[in-house]
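I opened a new notebook page for this one. Here is what I looked up, entry by entry.

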Amino acid sequence: CTQYKKIWRETGKVNFKFQTLVMSKVKEAEAPAKVLEYLKNQNRPYSAGDVMSNMHKEFNKACIQRALDQLTNKGKVREKVYGKQKVYVVEQSIFPDVDEGELKKMDQQISNLQSSIQKLQTDNHNLETRLCDLKNSLTLEEASTQL
């Protein structure tokens, strides 16, 4: 932004080629941090193309590839090659270790939630069946006109 003001003061106009070049360099500098944040949040393997499309094409594929290469060289991301395909995953050592007690507690919570979901689905099915029966039955007005 300050570079644009400097150009404007010196020339009275902004060179649009320079403007897009500066903007793309600034945006490209943000790519490794945003890619790393995305990989941390997802915590699963992705290819460069997947990262690009999942980030809604915020950066082009070449920029994503350079960012992944930088992160791989720094040791923040691991690269696994399957034939011609490269898959990237965030380094797992940055995540805290989970103890067995906490895992058992989480499994119990999952079990409780699954049983409550099952109960709610059953209740929902019963209510939908009751609603369907009521819609198909005659109203008081319709029954009195038929008599």
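How many salt bridges does the count come to? I get five salt bridges, taking a salt bridge as a side-chain nitrogen of Lys or Arg within 4 Å of a carboxyl oxygen of Asp or Glu.

Ground rules first. This is a predicted model, where local features need pLDDT of at least 70, side-chain atom pairs count only at pLDDT 80 or more, and totals for chains, interfaces and linings use all residues. Residues are numbered from 1 along each chain as its sequence is written, and side-chain values use heavy atoms, leaving out hydrogens and water.

**Entry: helix 2.** I looked at Lys34, which forms a salt bridge with Glu30, with the closest N and O atoms 3.8 Å apart. Both sit in helix 2, four residues apart, about one turn of the helix. (Helices are DSSP runs of H or I, at least four residues; strands are runs of E, at least two; both are numbered from the N terminus.) Lys34 counts as partly exposed at 33% relative accessibility, and Glu30 is partly exposed too, at 36%. My cut-offs: buried is under 20% relative accessible area, exposed is over 50%, and partly exposed is in between, using a 1.4 Å probe and protein chains only. I also found Glu58 linked with Glu30 and Lys34 in a network of salt bridges.

**Entry: the strands.** Glu91 forms a salt bridge with Arg78, the closest N and O atoms being 2.8 Å apart. Glu91 lies in the loop between strand 2 (85–90) and helix 5 (100–136) and Arg78 in strand 1 (residues 77–82), so the pair ties together parts that are 13 residues apart in sequence. Glu91 counts as buried, at 15%. I then checked Lys86 and Glu79, whose side chains meet in a salt bridge at 3.7 Å, N to O. Lys86 is partly exposed at 36%, and Glu79 is partly exposed at 33%.

**Entry: Ser47.** Is Ser47 buried or exposed? I have it as buried, at 9% relative accessibility. Ser47 is in the loop between helix 2 (16–42) and helix 3. Leaving out residues up to four places away in sequence, Ser47 touches Gln85 and Lys86, where contact means heavy atoms within 4.5 Å. The side chains of Ser47 and Gln85 also make a polar contact (3.5 Å).  That term means a pair of N or O atoms within 3.5 Å; within protein, one must be able to donate a hydrogen and the other to accept it, and residues adjacent in sequence count only if both atoms are side-chain atoms.
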